[in-house]
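Dear colleague,

Please find below the structure we discussed handing over. My notes on it follow directly after.

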Amino acid sequence: MIPPGLERELADVVGARFVLTRPGELLAYTADGLPGYRHDPALVVLPGTREEAIAVVQLLARRKVAFVPRGAGTGLSGGALADGTVVLGLNRLRRILEIDVENQWAVVEPGVVNAHLSRAVAPHGLHYAPDPSSQSACTIGGNVAENAGGPHCLKYGVTVNHVLALTVVLADGTVVTLGSTTGEVAGYDLLGAFVGSEGCFGVVLDATVRLTANPTAVRTMLADFPTIDSAARATSAIIAAGLVPAALEMMDQPTIRAVEASIYAAGYPVDAAAVLLIELDGAAAGLDEEVARVAGACREAGAREVRVATSEADRQRLWQGRKKAFGAMGRVSSHLVVQDAVIPRTRLPDVLAEIGRIGREEGVTVCNVFHAGDGNLHPNIPYNGNDPAETQRVERAMVRIMEACIAAGGSVTGEHGIGVDKLPYMPRLFTEATLGAMCRLRDCFDPERRMNPGKVVPMRSCREWAMAPAARG
Amino acid sequence: MMTRAERGARIIESGGGPAVHHAPSTERELIDLLQGAGPHVTFRIRGAGTWASVTERIRADATLDLSRLSGITEYVPGDLTLTARAGTTLADIAEATRANGQWLPLDPWGAPTGTLGATLATASTGPLAATLGLPRDAALGLSLVDAAGVRTTAGGRVVKNVAGFDLVRLQVGACGTLGILTEATVRLRPLPAVDRSCAIPLPAAQSDLTALLVSLRQIPLSPLAMEALNPALAACAGLPPAQMLLVRVGGSHPAVAQAVEALARHPHTTEIPSSAWPVLSASEPADAMSVRYSVRPSQWPSLWITVCAASDASARVHGTPSRGVVRVVGPAETQHRVQQAVAPLGAVEIAEPAGRGVTGVPALAELGRRVRDAFDPQRRLNPGVMDDGRS
C-alpha cells in the first residue's frame, strides 16, 4: 500500500514520535464521529509546524502516496478516513498567529479548536460566529474542509461567509494563498470553491477568519409544544413573518428526555412533544417587541408555554442542553447515527411527519435535534450496532429519510459533508454532467487524485478515474 | 422554427465576420445554438446590456443575448427563496418580492434593468454588500449550459447545502467563462420594517475621518449600508455636492429611531430619503470605466483621502469603509493619476469591468488557467475574459 521506507522518511521530517504505525496508535484514526465506517490507515503523520506540514506533503507527492488530511476527527460523514493510505493529522498546528481587533479578523493554524478562538478574542468583545455543536473539540481546519455550520449560522452565515483567506498546500506541494484579507481578488473565486472541499483540494496551513462583534443585546427563549407539528408550524410562521432570529433550534421528546436524564439537564419540559430554542439578538431597542412577536407566533401555533431566559446563566444552561444533546444520546445506547439533511422551510411540518412515520414503520427511535430555522434537519437514531438486524433497520430508515428530503426538494447534507456516507445519494441530486464538472474542478487542484481519494463524488462519475493510481489504493 | 443544424450553420457562417446577435428565449434554444455551432465558434455573452463596458470589448464570432431568457420560475415566500431565469431584471425581482415584504439585497451600480444573470456572473456589488452579503452568498443554486452545450447545475434550492464541491461559488464572478448562466435560485431577506438614511459630512483630515468611523461603530444598530461619496457623485443622487457618508439603517421602529437619533448627534447630519439609494446606483453610466481599490478597513481613511485628492472634480468616487473599498469612475487619465497616487498604499487593485485573470502570482494564475481549461478548453465563452494573457 505505501512504499517501503516512507515511514523512516516521514520520521526524518517530523520525528519518529509523530509517525504512528502501531495498531493501538492507529485505532483512534480508524473512524470519525459517525459509526458504521472503519478504515485502517497505513500510518498517521503529525507535523508540528507549517514547514513540517509542507515537507510532508512534498514528500508524499514525490512518493506518489495518497493521503487524507484530518483535524479533530469529529466529522460526521466518514470524510477523514484513510483506507490503507496516510492520515495527515493537523492537530499540532494549533497556534493563533494574529488577532487584528481593529479589522476584526484572526489568522489561525488549522488545528486551532473552534471554541478556543472565540475564547481568545472574547476580551475584545468579539467571537468566531460558526458554532458547530462539536465546537469544543473540532478545529478551524476541519470546519473549513466541511464548510461547517451551527445554530447561529441562521443569522450569521456558515464557515465560508467567515473565511477571508487561506494559505494552502496543494497535493503537489505548491503553497498558494486563496482570497485576501481585503476580500478582493482577481480571477475565479477559488477561495469559495476550496471551502467545503472536504480535504480533496489542499491542506490549510493558515486561515484568516472574520471575527464578529458580540451583539449588544440577546434574548433566548424556550417554547414548549404539545406536538411536533405545532413546533414545525411555529418555525415556518416565524420565518415567513420576516423575523430573523440568531438561532432557531428544535428538539423533540426523545432528545429532550435524553438531555434531561444526563448531566447536561437544561430544565426542558420532559412532557413536551418538542421545544424550540429561539435566540434573538441585535440592538436592545425593539428587541422585546420582537420577542413578543416570536412568542405570539409560537402560541398561535399551539405552544403551551414560552419562557425567556432570565439570566446569562439560565441562557447558558438552555444552550448547553442543545449543544450537548448528541453527547447525552450517548447514554441511551452504544451507537448513534447523527444525520444531516436540508429541506425548504415551508416543508418542515410534512417532512417531520414523514420522518416520524418512517421511524415507526422501521421500529427505530428517531431523535430530532436540528437547525429548524434553516430547514437543516438532524434526524439521529440511537441503536445497538452489535445487533445486525437493528443496524439494518436503522440503515433502511436513514435511506428512506434521505429520500423523503430529496423528494421535498432538499439536499442530503447542510453542514456535515458527503464524505463516504452520502456518496450513494449524489447521483440523485446531480446529473452525470454536473458530477463530471465537480471531478474536473477537483482535478485542477489535485490532478493525481491523491488527496482524500474516493470521497465526495462517486468514482464512476469521474471519467478515467480508474486511471488514477491513488484511487486504486 | 429553425432546426439545430440550421441555427448552427448561421453561426458558423458568421465566424470571423462581424458579430452575429442571438437571443435565445429558452434554455433548449441556447443548447442547440452551442451544440450546432462548430467547436471553434466563440461567443460573447450579455444580459440586458446595462453594463455595456463589460461585454463590448470582447471579440467573438457571435453575441449571445440572454435578456429574453427571463421570468421568475418559482417563488415560495415562506422559504425566502426565488428562482428566476438569468435574463430577469433586478427590478422585476424587486417588484415581485416587495409584494411579500421581501427583497434580494443585491444593488450593483448601474440601471435596475440589469439582469440577475449578469449580476451573479460578474459578482457585481453595491453598498448593501457590506452587511447583507456578496452575490456569492445570495446564490443558492444555478443552472448552466457549458461550453460544449451541455446542461449542468450547481447547488440547489435550499438555504444551506454542502452536497459536493461548491460549483456555485466557482461560477459566481466567473463572467460566464466557465458556463452560461441560465437560471438561478437566490436567498431573499425580509424587508426591514423601517428603512431610513442619513448623510453625514465627511471631515477632510484623516484623524477626524478615522474618529468619525470609530464613533459610528458605537451606534446600537449595525447599518445596512455605509457609503462615502465625493461631491460629484453626491450631486448625481440629488444631494448637495459635498463629501459625505450615507448611512442606511433598517429594522424595527424603536431600533431605527434610536440609531437615527445617535447619527443625528454628528454635526450637520441630515436625513435623506431612502429613494436616494436607487437614484445613486442608477446614475452610473453604462459605459463607465471604473477601478476599485481595497485595503484593510483600518487603512480606508488614508485610501479615501488619497483617491479623492488624485481625482478631478468630475470623477465619481465612492467607498465602503467596512470593506476597505474605494471605487473610482472616470476617464483613463483620472484612473492613471489615481493609480499612481495609490501605489504606495499597497492596495489590491481590481480593474472593472470584472473579468481580469490573475497576474503576478504564478501558482494562482496556474490554478485559474487549469480551471478555465477544465470548463472551456476551446475558449469559446467570452474569450479573453478571466485570462492572464498567457493562454
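By what distance along helix H1 of chain A are A:Asp12 and A:Arg8 separated? The two residues are 4 apart in helix H1 (residues 6–14), so about one helical turn lies between them. Please note that this is a predicted model. The side chains of A:Asp12 and A:Arg8 form a salt bridge, at 3.9 Å from N to O. A:Asp12 is exposed, with a relative accessible area of 59%, and A:Arg8 is likewise exposed, at 53%.

A:Asp100 is buried, at 11% relative accessibility, while B:Arg296 is partly exposed, at 28%.

Within chain A, A:Asp288 and A:Arg219 form a salt bridge with their closest N and O atoms 2.7 Å apart. This pair links distant parts of the chain, with A:Asp288 in helix H10 (residues 287–301) and A:Arg219 in strand S12 (residues 217–225), 69 residues apart. Over all chains, the search finds 45 salt bridges.

As to domains, domain 2 (96–213) and domain 4 (333–416) are among those assigned in chain A. The contact between them takes 8 residues from domain 2 and 6 residues from domain 4. Together they bury about 470 Å², 47% of it on carbon and sulfur atoms. Across this interface there are 0 salt bridges and 1 residue pair in polar contact.

With kind regards

Technical notes:
Residues numbered from 1 in each chain as written. Chains lettered and ligands numbered in written order. Predicted model: local features only at pLDDT ≥ 70, side-chain atom pairs only at ≥ 80, totals over all residues. Heavy atoms only, no water. Domains from an automatic or database assignment. Contact = heavy atoms within 4.5 Å. Buried area = accessible area lost by both parts, 1.4 Å probe. Salt bridge = Lys/Arg side-chain N within 4 Å of Asp/Glu carboxyl O. Polar contact = N/O pair within 3.5 Å; in protein donor to acceptor, adjacent residues only side chain to side chain. Buried < 20%, exposed > 50% of the residue type's maximum accessible area, 1.4 Å probe, protein only.
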